Amino acid sequence: MSSVISRTTKLHEFISQFFFSEETALEPILGDAGLRSYYRVTSKNKAYILMDCPPSYCSVQPFIDMAIFLKDNKFSAPEIFHQDVKNGFLLLEDFGTLNLKNYILTNKELSKNTYLLMVDLLVALQSKPLPGKLQKITDEDLIAELKIFVDWYVPHAYKKELSKKQLEEFINIWRGILKQKTLSQPSLVLRDYHVENLMYLEKKKSLRKLGLLDFQDALIGSPVYDLVSLLEDARIDVSRTDALSCAEYFAQKKNFDVESVLVDYHLLGAQRNCRILGVFARKAMRDHDDGYLQYIPRVLKYLKYD
(Lines give C-alpha, C1' and ligand atoms only; values in the text may rest on other atoms or scores of the structure.)
Protein backbone atom coordinates (compact mmCIF):
# COMPACT_ATOMS: atom_id res chain seq x y z
CA MET A 1 0.00 0.00 0.00
CA SER A 2 2.83 2.40 0.86
CA SER A 3 4.24 2.24 -2.69
CA VAL A 4 0.79 3.07 -4.12
CA ILE A 5 0.41 6.01 -1.77
CA SER A 6 3.94 7.17 -2.61
CA ARG A 7 3.19 7.05 -6.33
CA THR A 8 -0.06 8.96 -5.87
CA THR A 9 1.70 11.57 -3.78
CA LYS A 10 4.40 12.03 -6.41
CA LEU A 11 1.72 12.38 -9.09
CA HIS A 12 -0.05 15.18 -7.22
CA GLU A 13 3.25 16.87 -6.46
CA PHE A 14 4.05 16.81 -10.18
CA ILE A 15 0.68 18.36 -11.06
CA SER A 16 1.01 21.06 -8.40
CA GLN A 17 4.34 22.18 -9.90
CA PHE A 18 2.54 23.10 -13.14
CA PHE A 19 -0.86 24.25 -11.89
CA PHE A 20 0.36 25.79 -8.63
CA SER A 21 -2.62 26.31 -6.30
CA GLU A 22 -5.32 26.11 -8.95
CA GLU A 23 -8.06 23.58 -8.52
CA THR A 24 -7.74 20.77 -11.03
CA ALA A 25 -9.92 17.81 -12.00
CA LEU A 26 -8.20 14.47 -12.59
CA GLU A 27 -10.08 11.85 -14.65
CA PRO A 28 -8.61 8.40 -15.44
CA ILE A 29 -8.78 7.50 -19.15
CA LEU A 30 -8.28 4.24 -20.98
CA GLY A 31 -4.66 3.34 -21.57
CA ASP A 32 -2.90 0.51 -23.39
CA ALA A 33 -2.12 -3.07 -22.37
CA GLY A 34 1.04 -1.95 -20.57
CA LEU A 35 1.61 -0.48 -17.12
CA ARG A 36 1.30 3.18 -18.06
CA SER A 37 -1.67 5.12 -16.70
CA TYR A 38 -3.30 8.16 -18.27
CA TYR A 39 -5.46 10.94 -16.87
CA ARG A 40 -7.25 13.93 -18.31
CA VAL A 41 -6.40 16.96 -16.20
CA THR A 42 -8.77 19.93 -16.46
CA SER A 43 -7.92 23.38 -15.16
CA LYS A 44 -9.58 26.68 -16.04
CA ASN A 45 -11.59 24.91 -18.78
CA LYS A 46 -8.39 23.72 -20.48
CA ALA A 47 -7.58 20.01 -20.71
CA TYR A 48 -4.23 18.22 -20.62
CA ILE A 49 -3.17 14.58 -20.62
CA LEU A 50 -1.07 13.23 -17.78
CA MET A 51 1.08 10.17 -18.49
CA ASP A 52 2.08 8.16 -15.43
CA CYS A 53 4.83 5.70 -16.36
CA PRO A 54 6.56 4.00 -13.41
CA PRO A 55 10.35 4.16 -13.96
CA SER A 56 10.57 0.50 -12.95
CA TYR A 57 8.47 -0.27 -16.06
CA CYS A 58 10.22 2.01 -18.55
CA SER A 59 11.58 5.52 -18.99
CA VAL A 60 9.58 8.38 -20.48
CA GLN A 61 12.71 9.71 -22.22
CA PRO A 62 12.10 7.74 -25.46
CA PHE A 63 8.63 9.32 -25.69
CA ILE A 64 10.13 12.78 -25.24
CA ASP A 65 12.80 12.13 -27.88
CA MET A 66 10.30 10.82 -30.43
CA ALA A 67 7.84 13.65 -29.75
CA ILE A 68 10.60 16.16 -30.50
CA PHE A 69 11.56 14.27 -33.68
CA LEU A 70 7.96 14.13 -34.90
CA LYS A 71 7.22 17.78 -34.18
CA ASP A 72 10.50 18.89 -35.77
CA ASN A 73 9.37 17.08 -38.91
CA LYS A 74 5.95 18.78 -38.87
CA PHE A 75 3.89 15.78 -37.76
CA SER A 76 1.14 16.08 -35.16
CA ALA A 77 2.61 14.82 -31.90
CA PRO A 78 1.45 16.18 -28.54
CA GLU A 79 3.24 19.15 -27.04
CA ILE A 80 5.01 18.35 -23.77
CA PHE A 81 4.24 21.09 -21.25
CA HIS A 82 5.86 19.65 -18.14
CA GLN A 83 8.07 16.65 -17.46
CA ASP A 84 9.62 14.65 -14.64
CA VAL A 85 11.82 12.00 -16.24
CA LYS A 86 13.13 10.71 -12.92
CA ASN A 87 9.66 9.84 -11.59
CA GLY A 88 8.03 9.08 -14.95
CA PHE A 89 5.44 11.83 -15.36
CA LEU A 90 4.59 13.89 -18.45
CA LEU A 91 1.95 16.57 -18.93
CA LEU A 92 0.88 16.53 -22.58
CA GLU A 93 -1.29 18.35 -25.05
CA ASP A 94 -4.80 16.89 -25.16
CA PHE A 95 -5.76 15.78 -28.67
CA GLY A 96 -9.38 15.26 -27.63
CA THR A 97 -11.45 12.09 -27.56
CA LEU A 98 -11.98 11.22 -31.23
CA ASN A 99 -9.53 8.55 -32.32
CA LEU A 100 -9.46 7.13 -35.84
CA LYS A 101 -11.26 3.96 -34.76
CA ASN A 102 -14.32 5.91 -33.62
CA TYR A 103 -14.05 8.25 -36.59
CA ILE A 104 -14.11 5.28 -38.99
CA LEU A 105 -17.00 3.57 -37.17
CA THR A 106 -19.12 6.73 -37.41
CA ASN A 107 -18.04 7.61 -40.98
CA LYS A 108 -17.97 4.20 -42.65
CA GLU A 109 -18.40 5.70 -46.10
CA LEU A 110 -15.02 7.41 -45.59
CA SER A 111 -13.28 4.32 -44.25
CA LYS A 112 -11.24 3.47 -47.36
CA ASN A 113 -10.04 7.05 -47.87
CA THR A 114 -9.17 7.32 -44.17
CA TYR A 115 -7.01 4.20 -44.36
CA LEU A 116 -5.28 5.55 -47.45
CA LEU A 117 -4.56 8.77 -45.53
CA MET A 118 -3.02 6.71 -42.72
CA VAL A 119 -0.87 4.91 -45.29
CA ASP A 120 0.17 8.31 -46.67
CA LEU A 121 1.20 9.35 -43.17
CA LEU A 122 3.21 6.14 -42.76
CA VAL A 123 5.01 6.77 -46.06
CA ALA A 124 5.72 10.37 -45.01
CA LEU A 125 7.12 9.21 -41.65
CA GLN A 126 9.43 6.79 -43.44
CA SER A 127 10.62 9.48 -45.86
CA LYS A 128 12.40 11.43 -43.09
CA PRO A 129 16.01 10.82 -42.01
CA LEU A 130 16.08 8.14 -39.33
CA PRO A 131 16.19 9.53 -35.79
CA GLY A 132 19.31 8.73 -33.80
CA LYS A 133 19.58 6.45 -30.75
CA LEU A 134 16.93 3.99 -31.93
CA GLN A 135 17.65 0.27 -31.67
CA LYS A 136 17.58 -1.78 -34.85
CA ILE A 137 15.34 -4.80 -34.49
CA THR A 138 16.86 -8.05 -35.79
CA ASP A 139 15.34 -11.42 -36.70
CA GLU A 140 16.59 -12.76 -33.38
CA ASP A 141 14.76 -9.93 -31.62
CA LEU A 142 11.57 -10.87 -33.46
CA ILE A 143 12.02 -14.49 -32.42
CA ALA A 144 12.68 -13.45 -28.81
CA GLU A 145 9.39 -11.55 -28.83
CA LEU A 146 7.60 -14.83 -29.52
CA LYS A 147 8.57 -16.08 -26.06
CA ILE A 148 5.39 -14.44 -24.83
CA PHE A 149 3.38 -16.60 -27.27
CA VAL A 150 5.10 -19.76 -26.01
CA ASP A 151 4.92 -18.82 -22.33
CA TRP A 152 1.34 -17.57 -22.24
CA TYR A 153 -0.78 -18.31 -25.31
CA VAL A 154 0.20 -21.97 -25.67
CA PRO A 155 -0.74 -22.79 -22.03
CA HIS A 156 -3.88 -20.65 -22.35
CA ALA A 157 -5.13 -22.23 -25.57
CA TYR A 158 -3.79 -25.79 -25.30
CA LYS A 159 -3.45 -26.27 -21.52
CA LYS A 160 0.15 -27.45 -21.83
CA GLU A 161 3.67 -26.18 -22.33
CA LEU A 162 6.11 -26.88 -25.14
CA SER A 163 8.82 -29.42 -24.45
CA LYS A 164 12.44 -28.38 -24.88
CA LYS A 165 12.55 -30.17 -28.24
CA GLN A 166 9.32 -28.55 -29.41
CA LEU A 167 10.63 -25.13 -28.41
CA GLU A 168 13.83 -25.68 -30.39
CA GLU A 169 11.78 -26.73 -33.42
CA PHE A 170 9.54 -23.69 -33.01
CA ILE A 171 12.55 -21.34 -32.96
CA ASN A 172 14.19 -23.01 -35.96
CA ILE A 173 10.97 -22.82 -37.96
CA TRP A 174 10.73 -19.11 -37.24
CA ARG A 175 14.35 -18.51 -38.20
CA GLY A 176 13.57 -20.09 -41.56
CA ILE A 177 10.40 -18.05 -41.97
CA LEU A 178 12.05 -14.70 -41.22
CA LYS A 179 14.93 -15.40 -43.61
CA GLN A 180 12.37 -15.18 -46.42
CA LYS A 181 11.82 -11.44 -45.92
CA THR A 182 12.61 -9.54 -49.09
CA LEU A 183 12.79 -5.83 -48.16
CA SER A 184 15.95 -4.66 -46.41
CA GLN A 185 15.41 -0.90 -46.35
CA PRO A 186 15.75 0.23 -42.69
CA SER A 187 12.78 2.37 -41.67
CA LEU A 188 11.25 4.06 -38.67
CA VAL A 189 8.85 1.64 -36.93
CA LEU A 190 6.46 3.14 -34.37
CA ARG A 191 5.37 -0.39 -33.33
CA ASP A 192 1.77 0.46 -32.35
CA TYR A 193 0.61 2.27 -35.47
CA HIS A 194 -3.13 1.61 -35.44
CA VAL A 195 -6.44 3.46 -35.32
CA GLU A 196 -6.69 3.68 -31.52
CA ASN A 197 -3.31 5.43 -31.38
CA LEU A 198 -4.17 7.97 -34.07
CA MET A 199 -6.40 10.91 -33.19
CA TYR A 200 -8.61 12.83 -35.62
CA LEU A 201 -7.74 16.53 -35.38
CA GLU A 202 -10.52 18.23 -37.31
CA LYS A 203 -9.02 21.74 -37.29
CA LYS A 204 -5.72 20.70 -38.85
CA LYS A 205 -5.01 20.09 -42.53
CA SER A 206 -3.80 17.17 -44.63
CA LEU A 207 -1.58 14.67 -42.77
CA ARG A 208 -1.56 16.88 -39.69
CA LYS A 209 -5.19 15.87 -39.16
CA LEU A 210 -3.79 12.62 -37.77
CA GLY A 211 -2.44 13.01 -34.25
CA LEU A 212 0.20 10.46 -33.25
CA LEU A 213 0.24 8.76 -29.85
CA ASP A 214 2.05 5.81 -28.22
CA PHE A 215 5.32 6.06 -30.13
CA GLN A 216 7.73 5.55 -27.23
CA ASP A 217 8.66 2.02 -28.37
CA ALA A 218 9.88 3.15 -31.80
CA LEU A 219 12.65 1.13 -33.45
CA ILE A 220 14.44 0.80 -36.77
CA GLY A 221 13.09 -2.14 -38.76
CA SER A 222 11.06 -3.24 -41.75
CA PRO A 223 9.03 -0.56 -43.58
CA VAL A 224 6.15 -3.06 -43.67
CA TYR A 225 5.85 -3.62 -39.89
CA ASP A 226 3.64 -0.60 -39.16
CA LEU A 227 1.57 -1.33 -42.26
CA VAL A 228 0.67 -4.68 -40.69
CA SER A 229 -0.12 -2.96 -37.38
CA LEU A 230 -2.57 -0.73 -39.20
CA LEU A 231 -4.25 -3.29 -41.44
CA GLU A 232 -4.33 -6.32 -39.14
CA ASP A 233 -5.71 -4.51 -36.11
CA ALA A 234 -6.94 -6.69 -33.25
CA ARG A 235 -9.57 -4.16 -32.21
CA ILE A 236 -11.37 -3.36 -35.47
CA ASP A 237 -12.28 -5.29 -38.61
CA VAL A 238 -10.39 -4.39 -41.77
CA SER A 239 -11.68 -6.33 -44.75
CA ARG A 240 -9.16 -8.51 -46.54
CA THR A 241 -9.94 -6.68 -49.79
CA ASP A 242 -9.28 -3.27 -48.28
CA ALA A 243 -6.12 -4.45 -46.52
CA LEU A 244 -4.61 -5.84 -49.71
CA SER A 245 -5.64 -2.73 -51.62
CA CYS A 246 -3.88 -0.54 -49.03
CA ALA A 247 -0.80 -2.77 -49.14
CA GLU A 248 -0.64 -2.35 -52.93
CA TYR A 249 -1.10 1.42 -52.53
CA PHE A 250 1.76 1.46 -50.00
CA ALA A 251 3.99 -0.43 -52.45
CA GLN A 252 3.23 2.07 -55.21
CA LYS A 253 3.90 5.08 -52.97
CA LYS A 254 7.20 3.55 -51.81
CA ASN A 255 8.14 2.35 -55.29
CA PHE A 256 8.41 -1.21 -53.95
CA ASP A 257 7.58 -4.41 -55.79
CA VAL A 258 4.05 -5.36 -54.71
CA GLU A 259 4.88 -9.04 -54.29
CA SER A 260 7.84 -8.22 -52.07
CA VAL A 261 5.62 -6.07 -49.86
CA LEU A 262 3.02 -8.83 -49.61
CA VAL A 263 5.62 -11.47 -48.72
CA ASP A 264 7.00 -9.38 -45.87
CA TYR A 265 3.49 -8.27 -44.88
CA HIS A 266 2.43 -11.88 -44.28
CA LEU A 267 5.66 -12.96 -42.58
CA LEU A 268 5.73 -10.03 -40.18
CA GLY A 269 1.98 -10.23 -39.74
CA ALA A 270 2.30 -13.82 -38.53
CA GLN A 271 5.05 -12.86 -36.07
CA ARG A 272 3.17 -9.82 -34.78
CA ASN A 273 -0.12 -11.62 -34.39
CA CYS A 274 1.49 -14.51 -32.49
CA ARG A 275 3.08 -11.98 -30.14
CA ILE A 276 -0.26 -10.24 -29.63
CA LEU A 277 -1.96 -13.55 -28.79
CA GLY A 278 0.65 -13.97 -26.06
CA VAL A 279 0.04 -10.44 -24.74
CA PHE A 280 -3.72 -11.03 -24.55
CA ALA A 281 -3.32 -14.42 -22.88
CA ARG A 282 -0.93 -12.94 -20.32
CA LYS A 283 -3.41 -10.20 -19.49
CA ALA A 284 -6.00 -12.88 -18.75
CA MET A 285 -3.81 -15.39 -16.92
CA ARG A 286 -1.43 -13.14 -14.98
CA ASP A 287 -3.38 -9.90 -14.61
CA HIS A 288 -6.88 -11.45 -14.41
CA ASP A 289 -8.05 -9.09 -17.17
CA ASP A 290 -10.27 -11.03 -19.59
CA GLY A 291 -11.17 -7.96 -21.62
CA TYR A 292 -8.61 -8.68 -24.34
CA LEU A 293 -9.80 -12.25 -24.94
CA GLN A 294 -12.63 -10.89 -27.11
CA TYR A 295 -10.03 -9.90 -29.73
CA ILE A 296 -8.40 -13.31 -30.05
CA PRO A 297 -10.79 -14.66 -32.76
CA ARG A 298 -9.96 -11.69 -34.99
CA VAL A 299 -6.21 -12.21 -34.51
CA LEU A 300 -6.57 -15.91 -35.30
CA LYS A 301 -8.45 -14.95 -38.46
CA TYR A 302 -5.50 -12.85 -39.57
CA LEU A 303 -3.15 -15.78 -38.96
CA LYS A 304 -5.22 -17.96 -41.28
CA TYR A 305 -4.76 -15.60 -44.23
CA ASP A 306 -2.53 -16.87 -47.01
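**A. Ser-37 has Asp-52 as its bridge partner in strand S3.** The model is predicted: local features need pLDDT of at least 70, side-chain atom pairs count only at pLDDT 80 or more, and totals for chains, interfaces and linings use all residues. Residues are numbered from 1 along each chain as its sequence is written, and side-chain values use heavy atoms, without hydrogens and water. Strand S2 spans residues 37–43 and S3 spans residues 46–52. Seven bridges join S2 to S3, and the two run antiparallel.

Five strands form an open sheet. The order is S1-S2-S3-S5-S4, with antiparallel pairing (strands pair if DSSP finds at least two bridges between them). Strand S1 (25–29) and strand S4 (80–84) are the edge strands, each pairing on one side only. From one strand to the next, the twist averages 25 degrees. Helix H2 (residues 61–72) packs on the sheet and touches S3, S4 and strand S5 (89–93). Contact means heavy atoms within 4.5 Å. The direction of H2 makes about 155 degrees with that of S4 (angles run from 0 to 180 degrees between N-to-C directions; axes are fitted to C-alpha atoms, for helices over the stretch in contact).

**C. Helix H4 crosses helix H9.** The axes of H4 (residues 111–126) and H9 (residues 240–254) come within 10 Å and cross at roughly 35 degrees. The crossing is right-handed (the near helix is turned clockwise from the far one by less than a right angle). From H4, Lys-112, Tyr-115, Leu-116, Val-119, Asp-120, Leu-122, Val-123 and Gln-126 take part. They meet Asp-242, Ser-245, Cys-246, Tyr-249, Phe-250, Lys-253 and Lys-254 in H9. By class, this contact has eight nonpolar, two polar and five charged residues (Ala, Val, Leu, Ile, Met, Phe, Trp, Tyr, Cys and Pro are nonpolar; Asp, Glu, Lys and Arg are charged; the others, Gly among them, are polar).

**D. The second largest pocket has a volume of about 280 Å³.** On a 1 Å grid over the protein atoms alone, a pocket is an open set of points with protein on both sides within 12 Å along at least five of seven lines, a cavity is a set where a 1.4 Å probe fits but cannot get out, and lining residues have an atom within 4 Å of a point. Volume is the space filled by probe spheres set on the points, which are joined across faces, edges and corners. This pocket has 19 lining residues; Ile-137, Lys-181, Ile-220, Gly-221 and Ser-222 are the closest to its centre. Helix H5 (139–145) and strand S9 (219–221) each supply at least two lining residues. S9 gives the largest share, three residues. The lining has 10 nonpolar, five polar and four charged residues.

**E. One cavity of 30 Å³ or more lies in the structure.** The largest cavity holds about 30 Å³ of space. Its lining consists of Leu-190, Asp-192, Tyr-193, His-194, Asn-197, Leu-198, Leu-212, Leu-213 and Asp-214. These divide into five nonpolar, two polar and two charged residues.

Key
Helices (H or I, at least four residues) and strands (E, at least two) are DSSP runs, numbered from the N terminus.
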